[in-house]
There are 2 protein chains.
Amino acid sequence: MTDAPKILFVDAASRYGWARGRPGEKPESGSARFAPEDSSQGAIAWGAMRFVAEQIQSYRPDEIVVEAPLPATLVNGKTTVSTQEILMGLPFAIQGMAYGLQMYRVSVARVSKIRTHFIGKNAKGEIAKPMVWRKCIALGWISANDEDLSHDRTDALAGWHYAGTVLCPQLAQPIDDLFVKAEERKRREAAAADQRLAKTEQAIREESERRRSIMEKF
Amino acid sequence: MTDAPKILFVDAASRYGWARGRPGEKPESGSARFAPEDSSQGAIAWGAMRFVAEQIQSYRPDEIVVEAPLPATLVNGKTTVSTQEILMGLPFAIQGMAYGLQMYRVSVARVSKIRTHFIGKNAKGEIAKPMVWRKCIALGWISANDEDLSHDRTDALAGWHYAGTVLCPQLAQPIDDLFVKAEERKRREAAAADQRLAKTEQAIREESERRRSIMEKF
DNA sequence: TAAACCGGGTGTAGCT
DNA sequence: AGCTACACGAAACCCA
DNA sequence: TGGGTTTCGGGTAAAC
DNA sequence: GTTTACCCCCGGTTTA
């Protein structure tokens, strides 16, 4: 088998969980906040952007998978606007940053799929989270005397495993639509990029220059 | 009077409108897309982030005001998830980028307030937009044979004027809660930043280094 | 080919 | 195969 | 103070 | 003072 890809999974909320590794290996994982409590949305967004940038730079994942936010209408309006903005905004900003860093292999995974894959049923969080948690312990992905035993972390681990299974069908499952979509998107992105880049070499240089200049203020 | 501040207003949607200038002056304005049609969310987000970065860098506004997204529940569920993600995500990402570039004077304005301020009533878009449009013409902010006569543009102009009125009370209105909130937030941000920075000079240097290194790949 | 207009609005798992 | 039901997170508060 | 638990979920302007 | 009603973009299709 060729090298399994490095996968980074992010469960993005105001407190987020992350997990990364190659399918088959024991993943690293953790949880944290993108910004201190009561921070402005700007601070949170920037925290997320920085997190992604750093991951891409230092860990160099082959794939990034983010947990999809639940549609607001679903929760039957049971969520404040500001919560919504964060829940929707985080994956959005993360994707944007990845795109800006030319990391185009980003996909999005639904909670329900992750759960059914990982614990066999799509239960509501109250029930599912402890199950997920236990399974993570069982798998030895976190140890019971670990410092961080949060659900954010174990949820991310579940997501990571799901992503691995889906992205590396040779390890088990037949591919399903996440993979297909990722391929589709990748092709579309690549094509679009090609088209754009092909226009002129000049355009490339301008773009590159612009990007660099944006950041030299730091 | 001291120099009126340079205000940048953005009406952020997949097709966005912008307007900028100092209150009292004739504003510049326009509309465009953050990314070609059918682009991934990542592309759109990055487009927005780049736009903001460039504005901050080259125009150096004193204030940035973004149009607030309407809560999903409001639209009575009449909005797709992806639309939601974009509508909520754009302002979020914009604020994040601004924050990252240390531009903390960012506020958010509600459509209803803008409209009532600008045309005296909070009518539905179908009715309001043409009214706004006419008023912009009347004010000479766009000329009838202009190339871009889109509502995105005129909406942004209305927003800009509202922002100006609110942020420069000396020109007319008493301050209202947008200003107050901006001040509050600014103070909070500043305090938080101070606190953080005060911890150690070392932290500052690390942070700075990290930021720079994130971007040197460009 | 470009501009105006209109419709449409979540997805999945588990049970029947 | 078709139909139905159902899904969350942030911040305030309280208690150890 | 830290962690578990509970609660709450949009806002405005005009009409009455 | 209190109640009430209102609020949207995206993408596909059609038309000049």
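This is a predicted model: local features need pLDDT of at least 70, side-chain atom pairs count only at pLDDT 80 or more; totals for chains, interfaces and linings use all residues.
Chain A contains an open sheet of 5 strands. The strand order is β3-β2-β1-β4-β5, and the pairing is mixed. Strands β3 and β5 (106-109) of chain A stand at the edges. Each has a single partner strand, so one side of each is left without a neighbour in the sheet. Direction ignored, neighbouring strands of this sheet are turned by 20° against each other on average. Helix α1 (residues 41-59) of chain A packs on the sheet. Helix α1 touches β1 (7-11), β2, β3 and β4 (63-67) of chain A. The direction of α1 makes about 10° with that of β2(A).

One part of the sheet is a hairpin, formed by β2(A) and β3(A). Strand β2 covers residues 15-21 of chain A, and strand β3 covers residues 28-33. The two pair in the antiparallel sense over 6 bridges. Two positions illustrate the pairing. Gly17(A) has Ser31(A) in β3(A) as its bridge partner. Trp18(A) stands opposite Gly30(A), also in β3(A). Between the two strands lie 6 residues. In the turn, Gly24(A) has a positive phi of about 100°.

Chains A and B meet through a helix pair. Two packed helices are described by the angle between their axes and the distance between the axes. Here α2(A) packs with helix α2 (residues 81-100) of chain B at an angle of about 80°. Their axes are 7 Å apart. Angles of 65 to 115 degrees count as roughly perpendicular. The helices α2(A) and α2(B) are therefore roughly perpendicular to each other. From α2(A), the contact includes Gln84(A), Glu85(A), Ile86(A), Met88(A), Gly89(A), Leu90(A), Phe92(A) and Ala93(A). These meet Gln84(B), Glu85(B), Ile86(B), Met88(B), Gly89(B), Leu90(B), Phe92(B) and Ala93(B) in α2(B). By class, the residues of this contact divide into 10 nonpolar, 4 polar and 2 charged.

Sugar and phosphate account for 62% of the atoms of DNA strand D that come within 4 Å of the protein. Several polar contacts involve phosphate oxygens. A backbone N or O atom of Ser14(A) lies 3.0 Å from a phosphate oxygen of DNA strand D. Arg115(A) instead places a polar side-chain atom 2.9 Å from a phosphate oxygen of DNA strand D. The elements that give two or more residues to this surface are α2 (81-100) and α4 (125-138) of chain A. The surface near DNA strand D has 5 nonpolar, 3 polar and 4 charged residues.

Of the atoms of DNA strand C that come within 4 Å of the protein, sugar and phosphate account for 56%. A polar backbone atom of Gly120(A) is 3.4 Å from a phosphate oxygen of DNA strand C. Thr79(B) reaches a base: a backbone N or O atom of this residue lies 3.1 Å from a base nitrogen of DNA strand C. Helix α3 (residues 111-119) of chain A gives the largest share of the surface, 3 residues. By class, the surface near DNA strand C has 2 nonpolar, 5 polar and 4 charged residues.

Technical notes
Residues are numbered from 1 along each chain as its sequence is written. Chains are lettered from A and ligands numbered from 1 in the order in which they are written. Side-chain values use heavy atoms; hydrogens and water are left out. Two strands pair if DSSP finds at least two bridges between them. Helices (H or I, at least four residues) and strands (E, at least two) are DSSP runs, numbered from the N terminus. A residue is near a molecule or strand if one of its heavy atoms lies within 4 Å of it. A polar contact is a pair of N or O atoms within 3.5 Å; within protein, one must be able to donate a hydrogen and the other to accept it, and residues adjacent in sequence count only if both atoms are side-chain atoms. Ala, Val, Leu, Ile, Met, Phe, Trp, Tyr, Cys and Pro count as nonpolar, Asp, Glu, Lys and Arg as charged, and the others, Gly among them, as polar. Axes are lines fitted to C-alpha atoms, for helices over the stretch in contact, and angles run from 0 to 180 degrees between N-to-C directions. Angles under 35 degrees count as roughly parallel, over 145 as roughly antiparallel, 65 to 115 as roughly perpendicular and the rest as oblique. Contact means heavy atoms within 4.5 Å.
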